[in-house]
Amino acid sequence: MGKLFSSLFRHPSGRIGLVIIGLYLLAAILGTLGLTPHDPLKLFAIDRLKAPSETYWFGTDLLGRDAFSRLMVGIRQSMLIAFASVAIATVAGTIIGLLSAWWGGIWDGIFMRVMDVLLAFPAILLALLIIAIVGPGTMTSVAAIAIVYTPIFARVVRGPALSLKQRDFVDAARTFGSSQGYVLTRHLLLNLVAPLAVQVTLALAWALLTEAGLSFLGLGTQPPTPSLGLMLAESRNLMTHAPWLMIFPAVTIMLGILGFNLTGDALRDILDPRTQRREA
Amino acid sequence: MSYVAQRLLTFPLILLGVSILVFVAIRLVPGDAITAMLGTEAGLLTPAQREALSVYFGIDQPIWAQYLRWLTGLFQGDLGISSIYGKPVFTVILERFPLTLQLSLMSMVIALSVGVPLGVLAASRNERPSDLVVRVLAMLGQSTPNFVVGILIIYVLSVFFGFVPAMGTFTPLFVDPLASIGQLIFPAITLGFAFAASVTRISRSAMLDVLSDDYVRTARSKGATPMSVIWHHALPNALIPVVTLSGVEFGYLLGGAVIVEQIFALPGLGRLVLDAITQRDYALVQGTVLFIAFNFLVVNLLVDLTYVALDPRIRIGRR
Amino acid sequence: MSGLLSVRDLRVGFGQNPKANEVVKGVSFDLGPGETLGIVGESGSGKSVSALSINRLVDFGGGRITHGSIQLTRSDGTVLDVAKADEKTLLGIRGRDVGMIFQEPMTSLNPVHTVGAQIEEAFRLSKGLTGAQAHRATLDVLGRVRIPDAQSRLGYYPHQLSGGMRQRIMIAMALAASPRLLIADEPTTALDVTVQAQIMALLAELREETGMAMIFITHDIGLVAGIADRIMVMQNGFAVEQGETDGVLDNPQHEYTKHLLRAVPHFTSGKAVRDDGRRAEPQEPIVKVDNLVVRFPVGKAWFKPKGAIHAVDGVSFDLVPGETLAIVGESGCGKSTTARALLGLNSKTRGEIFTEAGRSVRPVQMVFQDPFASLNPRLNVEALLAEPALANGQRRDDALRERMTFLLDRVGLPQDALTRYPHQFSGGQRQRLCIARALMLNPDVVVLDEAVSALDVSVQAKVLELLVDLQAEFGLAYLFISHDMAVVERIAHRIAVMFAGQIVEMGEARAVLSDPQHSYTKRLIAAVPAIERRKQRFAVDMTQVPSLVRPPGFEPPPAQWREAGDDHRVRVEDTP
C-alpha cells in the first residue's frame, strides 16, 4: 500500500492528481466541520454580487452568500456522494462479477443479462429514471450513481476473473483441495486489486461529473445546501454581470474530475504490465 | 454458435428486460396510478370517474396482465397519452427525435474526425513534445463536463462576439441543410468535446499497443515505409478497440444530449425527458426512456456487427 | 575483405542512457556470402539484440548502437556501415539485401491481412511488382516453401493456419526479395519438434538454391550444429567463443562453451538411460489408468454439440513407486490432458483411474510448466507453501514451519525465502519452489507437466538432477510429460509415446529409444536435433498432424498391440 502511494507520487500525473485530491479532501473536511471563512448559508444582504475581494475570496452571489464557503461545502457534497456511491457500486459489482465468472454456466448468463439490461440505458438516463421515481436529493444521487456503476464494475471484474480462473496457480489450488473461499479471496480477489483500483479512481471521476450534472439540472442535492452544479446553473443568468460566479464553480468541478482522472491514469500506468513492457 | 448469431439472439432478450425494468420503475412511483397518469388533474375527478378510469386503464388487473397489455400496446406504437401535451406519446417523441439524432450524429462525426487523427499522430510522435501536448489537451477535455463546455461557449460567444446561438427553434435537415447544421453546430461541439478527448486517448493508446506488436516489426523488416506501417499495418488493428469503445461511449452522447439540449434550449428528445420528469408526466417518461434505450441498444448492436467486419478472427473461425 | 558482413566491436544499449545499459558489449564477427553463422546463447546473452542490430530494428524497441561498425556489402557492390546509416538508406536494405524471420509466427503476421496480401506486399516493396505479376510471384514462392494448395491459401488469414504453415509464410515473405542475408531469430523455438525438422530442412534446401547467407539464432546448440558453418557462442553480451562448427563442438575452448555442451541433454538413442529401474521386482502399481477417454464437445450450438475433440482416446498405463514414466509427444497429442485428468482438473469422459491411498490424503501432486504462472504473485513463499497443508486440515504451527524449511533446504533454496515473493526469484528457483510445494503433502506420485521446458539449458540440468535425487530419497513415482526426447532420455525408466490422443508405443526407455517400432516414434526420434548426428541431412517431409475433431458418437477402432520385447509394446498401424 505504502509502496503504491510512493510510486504514484513519483509519477508526474499521479503527483498532480494526488495533490488535487488531497486539497479537495481537506476542503471537504473543513467544510463539514464548519471551518469555512463565512457561514455558507448566511445572507450578507449588503454585499450582494460583490466581485472577489479580501473579505469574500471568490465573491458573493445574488443573495449575498460567500461563494468560497459555499464552494467548500459544495465540494463536501460532491465528494460525499461520489465516495459513497462508488463504494456501494464497487462492493456490489465485484461480488456479482466475481461470482459470475467463478460459477459460470447458467448463473453467469443470468447475471450478465441483468447487467446488460442496466447497461442498455445511457447512464444519465438511468439516473434520471431513478430520480423520477424517488424524487431528487442527495440520497437519490448516491443510489442512482451506485446503480448505474454496478454493472460496469461487474464487467470490469468478470473479464480478468475469467482469465485468472484459467491460470496455473488456480489449478494448483484445486489439486491441493483448497476451499472455494480461499481461492476466491487469496487467489482471485488479490490479483484483481490492480484493475479494480484503476476503475475505482475513474469511477470517482465519473461520479463527480455525474453528480455535478444532476445538480446542474436541479435534480441532485437540494437547496439550501450548496452544490457545485447548482451554483453553476444559477450563475447562467448573471454571467455577464458576475462572471466569477460561473468561473469558480466551473473550475472547481473540472479540477476535481481532473484530479481523479490523472490519478487513475497514473495507477493504470504503474499497474499495467503491458505499459511497462512498452517502456522497456 | 457464431458471434453474430449470438448477438442477434440476445438482443430481443435484453430489449424485453429493458421494457420490464421501465414498466416496473414507473409502477414504483409513490402515489396511486391514476395520479401518475393524469397528473394534477386527477384531483378533479369524482370517485365514479376514478372507478371508470381504473377499468379503462386496466389498473384493476394483476400486474403481469397489465404488463402484457402494455407490451401489446407497444408493438402497435401505443405508448400512452402525454399529460403535458395531450397528444399520444409516440407522436411527441417522433416530433423531437430528429433533432436529437442529428445532434448525436454531428457530435460523433466531430469527435471521430478530430479524435482518431490526433490520437494516431500523438502515438506516432510518442514521447516527443507534440505527443505531450495532445495528451494534456485530451486529459483536460475529458475532465470537462459538457455543461461546463456549453456554458463557456455561450459565455465566450456572447461576451466576445456579441452573438447568441439560436435557441428554441429547429430547422430540419431536409428543409434547409445549411441552416440546420448551423443551428446545431455549437451544441454538437459541446456534446462532442469530451467524446473527442476520449477518442483521442483511446486511439493513441490503441496505436501505441499495436505499434509494439510483432507484426509491425515484421512489416518494418520487409522495408515498409513509416507511413505504410502506421496507416496500412497498424491502424486497421488499432481501430478495433476504438470502435468497441466508441459504441459504449455513444451512450454518453445520448445521455449528454439531455443536458446540452437544456443549456441551448433545443426542442429535442433529451429535453423532453427532463420536462417529463419535472412535470410528472409518467407516460411520457416511460415512453422516452424506452425509446432512447432502444436506440442505444440498436447502436450497440451495429457497433458489434462492425467489429465483426473489422476483425477476421471473429468473422472466420479456425478452419 | 570480400565478405558479406563484417561486424566490429558492436555495442548496443537500451533506455535513457544506452551507454550505461549495454546488452551487447563488444561483439565482432565476419560472414561471407553463402555462409551460415549460428549464434548460440541462453536468455540474456544478447544474441537476439545482436541480430536485430544488423538491420537496425533494435531502434524501434528502444535500443541504440553505442559503438562499433556493421559493414554490409550490398548487391551493387558498395559497402554500407549500417550502424551509422540513416533511416532512408536503411529502408533500402530491409526486405531487400537483408531479410528476417522471427520466433513467434502467430504474432508476427498481421491478423487483419490475408497471407497472400502480405506476401504480395513483400514483392512490391522489394522488387516493385504489382497486380498480376505480384500474384504470380506469390504463388511461385508458396510453392518453393512447399505449401500445398497455394491458390486457395492466398485468401487465408494467419489465424486459420498452423504454426508450421505460418512460419513457411514468413520464410516466403523473406524470400520474396531474394535477400543476400537471411536473419533467422529462433525461428523454430515455438514449433513442435517434427515441424521444426521440416522447417530446418526447408531452410537448408533454400540456402542451397539461392546461395544466401544466413545468421541463425538459437538457444539449442544441437539444432544449429546441423545447419551452421560457423558457430558463435554468446554469454552476457560477449562473444566468448567462435569458430568452425566442428571445432567449437568437438574442441571447445571457453569454459562457458564447455558448460553449455555438458548441460545440453545429448540424445544418444538410448545409450544414456537410467539403469535404476524398478520393474524387475514385482510391485503393486501406485497409479493405474485404464482406457482413459477425454473428449471436449465442440461447436457452440445451443443444445447439440456439433462434434467433439478427442483429446485422449483410450489410454492405459500404470506407475510403480520409485519409477519415472515419461509421456512423450508433440502439442495436441493429449499428454497434458492425460496428466490433468489424473489430477482431477479435467473431467474424464470414460475410463478408470486408480490411485492407491498412499502416504497422504492427496497422493498425486503436480508441477506445472510455467514457473511464472503457477505461483500466485501476490502471496509470499510462506503462504504459497502453507496452502496445500492448510487446505488439508493442518494448522499453522511449528510442525508446519519445520516441514517448509526442511523442504526448502532439500530443493536448494535459502531459509529467508519464506518472506519473499515469487517475482524476486529466477525461473529455475521458482520451479524449485513449485517442487517443494508439491512435496508438502508427502505425495506418492508427482506429475511433472513439461516442468523443465521453460528453463534455460544450464538451469534445466540442475533441476533434473534435483528431481532424480528427490525421487531416490522419498521413493516418489514420476509421471514426466515432455516433448523433448533428449531430456526424457535422462530421467525416464519407461516411456510412452503419444500421438493424436493415443499411446502408440510404450515400454522400457532403452528399448523404445534404441529400437523404435512405430512410424511416429521413428519420425520423432529422427527429428531430434543432436550434435552427434550433425552430418545427417534432414529429409524434407510434409506430414501434417491429423485433426482431433470427430463427429458426435464416433468411436475409434479398438487398439491392437504387438510385443516387441520384454517390456516393449507397439500399437499396430493401419497399412496405408
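C:L439 counts as buried, because 22 C-beta neighbours lie inside 10 Å; the label "buried" calls for 20 or more other C-beta atoms within 10 Å of a residue's own, "exposed" for 12 or fewer, and "partly exposed" for anything in between, with C-beta atoms placed from the backbone. This is a predicted model, in which local features need pLDDT of at least 70, side-chain atom pairs count only at pLDDT 80 or more, and totals for chains, interfaces and linings use all residues. Residues are numbered from 1 along each chain as its sequence is written, while chains are lettered from A and ligands numbered from 1 in the order in which they are written.

**Chain C as a whole**

- Where does C:L439 sit? Its place is helix α14 (residues 427–439) of chain C; helices (H or I, at least four residues) and strands (E, at least two) are DSSP runs, numbered from the N terminus.
- The C-alpha atom of C:L439 is separated by 9.4 Å from that of C:F474, and the two residues are 35 apart along the chain.
- Chain C contains 18 helices and 22 strands.
- Chain C is as compact as a globular protein of its length, because its radius of gyration of 26 Å is close to the 25 Å that the globule rule gives for 576 residues. That radius is taken over C-alpha atoms, and the rule is 2.2 Å times the number of residues to the power 0.38.
- Picture a box of roughly 75 × 55 × 50 Å along the principal axes: the C-alpha atoms of chain C fill it.
- Of the 576 residues of chain C, 49% count as buried.
- Among contacts in chain C between residues at least 6 apart in sequence, 71% join residues at least 24 apart; a contact means that two C-beta atoms, placed from the backbone, lie within 7 Å.

**Where chains meet**

- Chain C and chain A each bring 18 residues to their contact.
- On the side of chain C that touches chain A, β15 (364–367) and α12 (381–391) each supply at least two residues, and α12(C) gives the largest share, three residues.
- That side of chain C divides into nine nonpolar, five polar and four charged residues. Here Ala, Val, Leu, Ile, Met, Phe, Trp, Tyr, Cys and Pro count as nonpolar, Asp, Glu, Lys and Arg as charged, and the others, Gly among them, as polar.

**Two helices crossing in chain B**

- Two packed helices are described by the angle between their axes and the distance between the axes.
- The axes of α5 (residues 89–124) and α10 of chain B come within 10 Å and cross at roughly 145°. Axes are lines fitted to C-alpha atoms, for helices over the stretch in contact, and angles run from 0 to 180 degrees between N-to-C directions.
- Residues making this contact include B:L103 and B:M108 of α5(B), and B:I230 and B:V242 of α10(B).
- By class, the contact of α5(B) with α10(B) has ten nonpolar, four polar and no charged residues.

- Most residues other than glycine have a negative phi, and most peptide bonds are trans.
- B:A265 has a positive phi of about 50° although it is not a glycine. B:A265 sits in the loop between α10 (226–263) and α11 (269–278) of chain B, and counts as partly exposed, with 14 C-beta neighbours inside 10 Å.
- C:E186, also not a glycine, has a positive phi of about 50°. This residue is in the loop between β7 (181–185) and α7 (193–210) of chain C; with 19 C-beta neighbours inside 10 Å, C:E186 counts as partly exposed.
- A cis peptide bond, with omega about 10°, joins A:P223 and A:P224. A:P224 lies in the loop between α8 (180–216) and α9 (228–234) of chain A.

**Confidence in chain B**

- Chain B averages a pLDDT of 83, and 91% of the residues score at least 70; pLDDT is the predictor's confidence in each residue, from 0 to 100.
- Among the elements of chain B, helix α2 (residues 33–38) has the lowest mean pLDDT (63) and helix α9 (residues 214–221) the highest (92).
- Where pLDDT is low, the predicted coordinates should not be read in detail.
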